[in-house]
Amino acid sequence: MAKSIDVSDLNIYYGDFLAVEGVNMTIKARSVTAFIGPSGCGKSTMLRSLNRMHEVIPGARVEGKIMVDGQSLYDPSIDPVAVRRQIGMVFQRPNPFPTMSIYDNVLAGNRLNAKKLKKAEADDVVEKSLRAANLWNEVKDRLGKPGMGLSGGQQQRLCIARAIAVEPQVLLMDEPCSALDPISTSAIEDLIHELKSDYTIVIVTHNMQQAARVSDDTGFFNLKATGEPGHLVEFNPTKKMFTNPDNESTEAYISGRFG
Amino acid sequence: MAKSIDVSDLNIYYGDFLAVEGVNMTIKARSVTAFIGPSGCGKSTMLRSLNRMHEVIPGARVEGKIMVDGQSLYDPSIDPVAVRRQIGMVFQRPNPFPTMSIYDNVLAGNRLNAKKLKKAEADDVVEKSLRAANLWNEVKDRLGKPGMGLSGGQQQRLCIARAIAVEPQVLLMDEPCSALDPISTSAIEDLIHELKSDYTIVIVTHNMQQAARVSDDTGFFNLKATGEPGHLVEFNPTKKMFTNPDNESTEAYISGRFG
Amino acid sequence: MSVITSSPEKAPAKPPRSRGDRLFAGTAKGAGLAILAALAGVFIFLTIEGVPGLSQTEATYAPNHDFLSYVGPLIYGTILAAVLALLLAVPFAFGIALFISHYAPRKLAVPVAYVIDLLAAVPSVVFGLWGARSLATYLVPVHDWLYGHLSFLPFFAGPPSVTGRTIFTAGIVLAIMILPIITAISREVFAQTPRLDQEAALALGATRWEMVRLSVFPYAKSGMVSAVMLGLGRALGETMAVAMVLSASPVYTLNLISNTNPATVASNIASSFAEATPAKLHVLIATGLVLFAVTFAVNFAARWVVGRNERRMAR
Amino acid sequence: AGNEASGDSGGGLSGTLNGGGSSAQEAAQGAWRAGFQTDNSGVTVNYDPVGSGTGRENFISGAYMFAGSDAALSEDGGELDKAKERCGGDVIEVPAYVSPIAVVYNLEGVDNLQLSAPVIGDIFSGKITKWNDPKIAADNPDADLPSTTITPVHRSDDSGTTENFTDYLSQASEGSWKYEADGVWPIKGGEAGDGTSGLVAAVKAGDGTIGYADESQVGDLGVASIKVGSDYNAPTAEGAAKALAASPRVEGRGDNDMAIEVDRTTTESGTYPISLTSYLIACPTYDDANDADMVKGYLSYIVSEDGQQAAADQAGSAPLESSLQQEAAKVVDQISAK
Amino acid sequence: MTTSEVAPDLAASMRLSHPRLPRWAPVLVAVLAVAAAGLPAMLLGWSVVGWLALALVLFLVALPGWSMAVENNRAALDRLMTTLIWAAFGIAVIPLLWLIWTVVSKGASVINMEFLTYSMRNVVGEGGGIYHALIGTLLVTAAAAAISIPVGIFAAIYLVEYGKGTVLGRWITFLVDVMTGIPSIVAGLFALSLFVLLFGPEVRMGFGGSVALSLLMIPIVVRSAEEMLRLVPGDLREASYALGVPKWRTITRVVLPTAMGGIITGVTLAIARVIGETAPLLVIAGKTDSVNANLFNERMSTLPVYIYYSFTQPGITPPGATEAPGIARAWGAALVLIVIVMVLNLLARVIGKFFAPKKG
Ligand SMILES: Nc1ncnc2c1ncn2[C@@H]1O[C@H](COP(=O)(O)OP(=O)(O)OP(=O)(O)O)[C@@H](O)[C@H]1O
Ligand SMILES: Nc1ncnc2c1ncn2[C@@H]1O[C@H](COP(=O)(O)OP(=O)(O)OP(=O)(O)O)[C@@H](O)[C@H]1O
Ligand SMILES: [Mg+2]
Ligand SMILES: [Mg+2]
Ligand SMILES: O=P([O-])([O-])[O-]
C-alpha cells in the first residue's frame, strides 16, 4: 500500500520568492522520514508540496518533479483532490472544524467519500482513530461537544485522529507534537511506529530526539544566508546522520545543545 | 523591580466548569518557575490567572487569592489593565497583529498605550527587543513588512520581542518554544537566563529538559482523572523535583521516556 | 508596586476602570440605546398616527370596505414580492460572493466585486424605470412561455400580462436590488474564512466545493444570515421601484404573471400618499404599522430557526 | 449655480414662497415660476407636486401659502371649513389650469379611433374585450379593427385624472359605467400604472392597450376622438376650455370661490368633455405683508393672460376662457395683508 | 492520457490519477452545448436568450454527467457547483451591465459643464442642470453618514465587545434587523412628523432628509460592522490585553483596524443604499429649482428627487423632438449619481486596502 516518493530538482516558489531550491531526495515507502532544520528554512513548504497543498496559496507554484510510485505528482492528469485524500496531513497549528462536534470532526474526511456511513461503522472509525491519537479517554463522554472546546494539545490530537480516520497511505506531519505534552507525544510516536509498517510517513520536527527516535531517514534543510532560499543540505539514514553526518553544518545543528 | 507571587487556595472556573482546583504556591521574585503536566491539566489556565487574562473569557472566574508583592491581584481596587502591563505574556500560538509591520508589532505595547517615543528611541527599543528574541538578523532588512509574512517560528519570536519591549516585571510564557527550532529555542532560553536577574518569569513547557535547564522551581500539575479538575501535585525547586520528587506521579511523569 | 493600583488611597469600592474605558463603553452603549430610541420613536409615531386609521369611514378604504380587507392584500403582496425576490436573489448572491472570494481569478474578481457594488448605487427610481420600461417588455415572452408551458401551476395561471408589469417582474427587479447587499456582505465574510480552516478541509481530500461546504459556509453562517436579513429588509421596504413596475390592484392572487397583482405596503403608501386625505393618511400609516409588525414577526421567526439550529449544533 | 442671478432684486419682492399640490400643474407651475422669478429675482417659488390631497392638507395646516388642487375643497370632509379657519375667513379658489384628458390607445393598424361614452364605459368595465367588437366597429365604420384582446389600463394611485375620467363616465355613459366618480379606480384587478407617466408607459408597452391621461403627456400614442353630440372630437385645449366655460358653478360657495361643476354631457359642438380643471387655493389675507405680496404677485401672474399663455406653451394646457380669466384675476387681486 | 499507461497496477494500490476529464473538457462541452441548443432554437425560431438558456441547461447536465461517468460523483458535484457559480455570475452580470449601459448611453450625452454647474431656476424646456440637486445630495447624504456611521459602528462595537450575551445586546441585534424592514417612505413620514412637531407645519429641510436616511442607513452599518468585528480573532484581543492595553484602545487600535476593510465595504454599501433613495426625501426635503446650501432651512433638491420629478413631470415634448427634455436630464442625473458612488467606492477600496490585514 505505501508509497515511495522521489523528489528531483524541486524549486518551490511563493510568487516570485524562491523559498526552497534544488531538492533531490527519495522518501522510502514504509518508513518514517524526518525533516529538520532551523526556522524559516522551508520544511513546511517542502512538506506541503508533497501533497499539493502548496498550490492552494495564491501565486504559489512548484518547479521540478515529484514522483509518487512512478506517477508524477504534478502531472496535469493528476487530481490534487485524490492526492490529498491519499496523502494526509497534520498541521503545525491544530485546526479542527469549528462548528463540528468532536465526533463529526473525526468523521469529516470519511463523510466526503461515503455519504452514508452506518452508525456502527462510524462509531467504530471514531473510536479507533481517537484511541490511536490517544484522545479517546479524554473525550469519549463528550463526543457531541464542539471540537473547539478542547485544550490546544487535545485539539492537535483531534486533528491527528481526523487525518488517520481516512486511512491515508502517506501521512505528512508538520511538527505534530509541538503543542503536545510528553504523554501524548509518546502516544503519537507509538502511533507513528505502528503506522509505518503500512504507511509512508514524513514528519517535520524541531525536536532532535524525536527525529532520532522515530525516523529512519532524516533530511536536514538550511538557509545559506537569511533571504536566500532554503535547500536540502543532507539526506541520510537517521542513524548515520546523528552519529556521522556528511556535512559539517549538519553536525553543528544536531549537536546544538539540545533538541 | 521583580515581583514575588503568592497563590493560595486558588480555584479557576470556566463558567460552571472547575478547571483548576486548590492551588497553593509561591513564585519567587527574580527566578524562573516552570509549570509542567499533561495536556488539559490547566497549566495555561493557571498561567492566565496570574495576569488576570483569564477573566477576558466570558464566564471565566477565579476563587481564592493571588498576592503580588503583598497586593491582592483580584482586589476590586486593582486595575487589570495595569496588571497586564506589568505582567507580560507570550502565548502558545504566535499572534502578531495582522495590520502592523514587524516594526510596529514590536512597538505595539508602547504605541497602543499612547506612549510617545522619539524615532531614535523607538528604533532602539525595536532593535534591542528583536535582538533579545534572536530575530534581529532575520528581519532587520524588512522591518516595514507585515508581521504575518514570517514563518511560524519567526512569528513566535516576534511575539516574544513584543512582550519584552514593554519591559514587564513579570513575564508569563505559555509554551513559547513549542513552535521554535533548536537555535531559536536556545536563544530564548539564554534570554530567560538573562532576564531572570531582574524579572520574575513563569513558563509553561512540555519539554522536561527545558524545564530542567531554565527553571529554578517547578510546579507539576495533573488531573486526578479525566473530567476532574486539574490540581497542583507538587511544587518544589527544580533540582529536587528532577532528582528526588516528593510524589510518585511526578516521578512517573518526569521519567516518561523523553521530554 | 503602587503602579498596579490606580489610586491606592481611595476606597476600593468602584471598579478602577480607566476613564477612557468607561467613556468608550458608555458611548458604545449609548449608540445601542440610540438605536432603540429611534426605533421606539418610529413605533410610537406609527401607533399614534396609525391607530385612527383602523376605523375610518368605508369610503376611505375604497375599493374595499374595512381596514382588514384593505391591508390584507398589501401585506400579502409585500410578502409575496419579498419571497420571490429572496428566492431569486439569495442563490445568485451567494454564488457571486463565492465566485468573487473563491472561484474567480483575482483579475476578474476585483472588477466584478466593484461592479456589483455599483449596482447598490443605482437610484431606486432608475430601477423602477428600467424595470417598467426595459425589463418588463423583454419579459413579456417569458410570461407567455410560462403560461404556455406551466399554466397548470396556479402561479402561472395567466392570462399573461401584455406589458410584463407583473409581480414576477417586480420580484426580479427587487432581486437585482437586494443582490448587491447580500453579495457584498457575504463575500466579505467568505473571504475572511481562515486559511487554516480551509486547508483542514483540503488536506482531507475535499474538492473545492466540499471545502466551501465544510469550512467556508459554517464559518460564514452568521454573516450569511445577516446578509439575507438585510436583503429581506430592503425587499420588504422598497418603495419607488415596486410602485413604478407593478400593475397593482387590491387583490389576493397566486398568479404571478397576470396584470392583476397585489401591491406592497410601501409602494401603496408611496403611490396613495399624494392624494391622501388626512383620514386616508391614517389608514396608510396603519398599513405601515402592520408591516412593522410583520417585519417583527418575520425576524423573530428567522431568529428562532437560526437559534434552534445553533442549539442543535452545540448540543 | 451659473444661471442664478446674484445681487439686485428686480420687482422689489424678495423671499421664499412655498406652495404645492396637484402634480398635474407641475409643468405649468414650472413655466409660471420661471416667468415670475425672472421678473422678481429676489423671490424663490417652490412648488411641491405632492398631489392635490396633500396640497390641500398642507394648505390647511399652514405648511403651504397656496395650494394647487385638481378638485375644489370639498364640503363633506369638513375640508372647506378647516380651510376657512386657516384663512380666518373666506377661501380663494380660482381655476388656473385646464387640460383635456385624452383617451389613449396602442393598437397596431388603427390610427383614428372614435369612441362614444357608453362604449368607453363598456371597455373599462370589461364588458367589451376584443377590439373588433361590433360596438366599437359601430363607432368606427372605416377602421380595420383587429381581434386583439383589449387591455384597459387605469391609474393605480389615487388621482385627479381618474376622478375626472370616472366622473365623465358616470355622467355620460348612459349606464354602461356603474360606478360613481372617484379618485380611486373602483374596479379591482386589471392593468394599472402609477402616475400619469406610469400609465402612459404601460399603454405604450402593450399591444391592444387603452388608457386615459393628461393630453400634454401622451406623446406619440394614439388618441381617440370622443363622441360629442353627433361629432367625434379629438381632445383640444379650446374644446376643454369651452366645456369649462359652459359649466355651472358649485352652489353655495363664497364670492371668491370659483369651484366649477363640469358638465360632461354637453353636446355643444367643438367642446371636449373629458377634462381636468385644477385650482389654486389661497387666503384673501395673510398675517405677513411680504407673504401677501408674494402670493398676490404670483397668483396674479398665473391667472394673467401672459401666465395662461406661458402655461399653454410650456405645459400644453388650455388658457382660461377670457371671461373666467378676468373673473379670476379680480378675485386674486383682493389678496392683502391683515 | 497518462492515466491509461500506468493505471493497471496502480488501481490496486493508489489511484492518484483516476481518470480525469481533460483540461479543455468544459470548453468542448460548452461549444457542443451551444451548438446542440442551436438546432431546436433554429427550428422553433427561438430568440438568442432561449438558445443560450437551453445551452446552459445542456451544459449543466452534460459536464457533470460526463464527469460522473469518467471521474466520480464528487468530482461531478464539484463541477456542477463550479458551473453554477460561474453561471450565477454570468447571469447576474447581464441585467447589471444592461442597467448600467442603459443609464450611461442615455445619460452621457447631456452631461456637460452647464449641466453640472447650472440649477433649474427659471429654466423651462431645454437647458438647466443639476447643480442644486448635486449640492443637496452631497449635503444630505454627508449629514446622514455623519449621524449613521458613528452610531452604527459604536452600536456594533457594543454588540460585539460589550453586550455579547446580554439582554440589551440581544434586543438591539433583533431590533436592528427589524429596522432594516422600515419602508423608506415610512422613515420619511416619521422624520416629517418629528420635525413638524419640533418646528411647525411649514418645516421642510435637508437635514430632515438626513434623519430619515439615517434610519435606513444605521441598520446596514451596524449589521455589516458587527459581522466584521465578530470575525476578528480573539487571539489578537488577548495579545493586546496581555500588553497591558486597555480595552477601548484594544478596540480602536487593534480590532477596528483589523476589521476596517469590511467595515468600509459596509459603510460604502450603506451610503450607496441611501444616496439613491427617493421617497423619504420627497416627503421631508421637498424640491426646489434653486440652489440651497443650508441643510437647516427650506427645501433642498436632491438627485433622486430630481430624477423622480424629471421622469414623472418631464414637461411637454417640443415639436420635432422624440421626448421631453426632462427625460434626458433625468438619465444624466442618474449617471452622475452612479459616478459619485463609483468614486466613493474607489476611495473606500483604497482606504480599505490601506487598513487590510497584511498577509505577506
Ligand atoms: N504564504 C507565504 N507567502 C510568502 N512567503 C512565505 C509563505 N509562507 C512561508 N513563506 C516563506 O517561506 C520560507 C519558508 O517558510 P516555511 O514556513 O516553510 O519555514 P519552516 O522551515 O517551516 O519554518 P518553521 O520551522 O518556523 O515552521 C520563509 O522564508 C517564509 O517567510
Ligand atoms: N475557553 C474555555 N472554555 C471552557 N473550557 C476550557 C476553555 N479553555 C480550556 N478549557 C478546559 O480547561 C481545561 C484546562 O485547559 P488548559 O488549556 O489550561 O490546559 P493545558 O494544561 O494548557 O493544556 P495544553 O498543554 O494542551 O495546552 C481543559 O479541560 C480544557 O478543556
Ligand atoms: Mg513550518
Ligand atoms: Mg495550554
Ligand atoms: O394629476 P394626477 O392626480 O392625475 O396625478
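Predicted model: local features only at pLDDT ≥ 70, side-chain atom pairs only at ≥ 80, totals over all residues.
**Entry 1: ligand 2**

I started with where ligand 2 sits, and found it between chains A and B.

Then I went through some polar contacts to oxygen atoms of ligand 2. For Ser44(B), I have a polar side-chain atom at 2.5 Å from a ligand 2 oxygen. Gly40(B) uses its backbone instead, with an N or O atom 2.8 Å from an oxygen of ligand 2. Lys43(B) places a polar side-chain atom 2.9 Å from an oxygen of ligand 2. As for cover, ligand 2 on its own exposes 630 Å², and the protein buries 81% of that.

**Entry 2: ligand 5**

I moved on to ligand 5, which lies between chains C and D. Around it I noted Glu275(C) from chain C, along with Ser23(D), Ala24(D), Asp70(D), Arg155(D), Ser159(D), Gly160(D) and Thr161(D) from chain D.

Which side chains of chain D did I find in polar contact with ligand 5 oxygens? Thr161(D) has a polar side-chain atom 2.4 Å from one. Arg155(D) has a polar side-chain atom at 2.7 Å from a ligand 5 oxygen. With Ser159(D), a side-chain N or O atom is 3.1 Å from an oxygen of ligand 5. I looked at cover here too: ligand 5 taken alone exposes 200 Å², of which the protein buries 95%.

**Entry 3: chains C and E**

How many residues does each chain bring to this contact? I counted 90 from chain C and 84 from chain E. Between them, chains C and E bury about 8000 Å², with 79% of it on carbon and sulfur atoms. On the chain C side, Phe24(C), Ile35(C) and Tyr114(C) lose the most area to chain E, yet together they make up 9% of what that side buries.

**Entry 4: the domain on chain E**

The entry, which is unreviewed, lists residues 134-348 as "domain: ABC transmembrane type-1". I checked that stretch in the model and got 75% helix and 0% strand.

Terms used. Residues numbered from 1 in each chain as written. Chains lettered and ligands numbered in written order. Heavy atoms only, no water. Near = heavy atom within 4 Å. Polar contact = N/O pair within 3.5 Å; in protein donor to acceptor, adjacent residues only side chain to side chain. Areas by Shrake-Rupley, 256 points an atom, 1.4 Å probe, with all protein chains shown as cover. UniProt positions renumbered as here; feature names shortened; annotations may be inferred. Helix = DSSP H or I, 4+ residues; strand = E, 2+ residues; numbered from the N terminus. Contact = heavy atoms within 4.5 Å. Buried area = accessible area lost by both parts, 1.4 Å probe.
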